Structures are given as C-alpha cells and as structure tokens.
Amino acid sequence: QVQLVESGGGLVQAGGSLRLSCVASGRTFSRYAMGWFRQAPGKEREFVADIGRNDDLINYADSVKGRFTISRDNAKNTLYLQINSLKPEDTGVYYCAARINYYRDYTRIASYDSWGQGTQVTVSS
C-alpha cells in the first residue's frame, strides 16, 4: 500500500553527520508509523528508530540514543533520520519501513508492512 525509497547515504569520517530521507508514494503515508533499521555485512538487521503517525511515540535503540534523530513530514510524504557523531559501527545499509499496526512491536522486522531498498552508510576511521 506504500512504496518507500531511501536516499542520503554515503562515506563519512567518524564524528561526521548524514541526513537520510525516505520518500513514500501512495495516499496513506500518514496512517503508518515509520521505522529505520540497519544491517551490517554478515549481521542481522537491527532496529534503529521508530516514530508515530504524528511525530509522537518516538523510540530509539540504545546504541543510537542521543546521536540519531528521527522525524517525518507528512505533507511531503517523507521520513528522515539525522545521524550525528557517526561511529564506524554505524556502518551498514539503512532501511526505512512502514507499520500500519500501532500495537505491534516496533523493534521486530515482522511488524512492518513495507520496506525500502536501503541506502548505504559507511563510516571510516
């Protein structure tokens, strides 16, 4: 019901910043809670951040708390992830995902209905 396209990844030195975007198509973007996940090579995909339909109910993984900021602009059908103070362990493919059911666990992949193709984030040094 919603199609997602991520952008904004790249190669950054440790301590630097990136801003990821996820643009949704369709007419129902505002009905979905949205999440960011990431996956390093050879690792399991892991939860990063979650946001409710109207910028409420924001949650972060402990590893990114205080460094990452999730936000959304429903008028633009866009989800954002501002990433500051990057660490090498932040390297991976970052995916946005849409979740229609508020009551499902936001940390679980199976809770989400749609996924983007991902954008690569690489942190050097």
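The exercises below work through the fold, a salt-bridge network, one arginine and a surface patch.

The model is predicted: local features need pLDDT of at least 70, side-chain atom pairs count only at pLDDT 80 or more, and totals for chains, interfaces and linings use all residues. Residues are numbered from 1 along each chain as its sequence is written, and side-chain values use heavy atoms, with hydrogens and water left out.

**Exercise 1. Describe the secondary structure and overall dimensions of the protein.**

Step 1. Helices (H or I, at least four residues) and strands (E, at least two) are DSSP runs, numbered from the N terminus. The protein has 0 helices and 11 strands, which gives the pattern β-β-β-β-β-β-β-β-β-β-β along the sequence.

Step 2. The radius of gyration is 13 Å, close to the 14 Å from the globule rule for 125 residues, so the protein is as compact as a globular protein of that length. The radius is taken over C-alpha atoms, and the rule is 2.2 Å times the number of residues to the power 0.38.

Step 3. The C-alpha trace spans about 40 × 25 × 25 Å along its principal axes.

Step 4. Contact means heavy atoms within 4.5 Å. Of the contacts with a separation of 6 or more, 58% are between residues 24 or more positions apart.

Step 5. Buried residues (under 20% relative accessible area; exposed is over 50%, partly exposed in between; 1.4 Å probe, protein chains only) make up 43% of the 125 residues.

**Exercise 2. Trace the salt-bridge network that contains Arg38, Glu46, Arg67 and Asp90.**

Step 1. A salt bridge is a side-chain nitrogen of Lys or Arg within 4 Å of a carboxyl oxygen of Asp or Glu. The count by this rule is 4.

Step 2. Start at Glu46, which is partly exposed at 35% relative accessible area. Its side chain pairs with that of Arg38 at 2.8 Å, N to O. Arg38 is buried, at 6%.

Step 3. Arg38 also bridges to Asp90, with the closest N and O atoms 2.8 Å apart. Arg38 lies in strand 4 (residues 33-39) and Asp90 in the loop between strand 8 (78-83) and strand 9, so this pair ties together parts that are 52 residues apart in sequence.

Step 4. Asp90 meets Arg67 in a further salt bridge (2.8 Å, N to O). Arg67 sits in the loop between strand 6 (59-60) and strand 7 (68-73), so its pairing with Asp90 links parts 23 residues apart in sequence.

Step 5. Arg67 is buried at 10%, and Asp90 is buried at 0%. Shared partners join Arg38, Glu46, Arg67 and Asp90 into one network.

**Exercise 3. Characterise the surroundings of Arg99.**

Step 1. Arg99 is in strand 9 and is buried, with a relative accessible area of 2%.

Step 2. A polar contact is a pair of N or O atoms within 3.5 Å; within protein, one must be able to donate a hydrogen and the other to accept it, and residues adjacent in sequence count only if both atoms are side-chain atoms. The side chains of Arg99 and Asp50 make such a contact at 2.6 Å. A polar atom of the Arg99 side chain also lies 3.2 Å from the backbone oxygen of Asn101.

Step 3. Leaving aside residues up to four places away in sequence, Arg99 touches several others, including Tyr32, Arg53, Tyr106 and Asp113.
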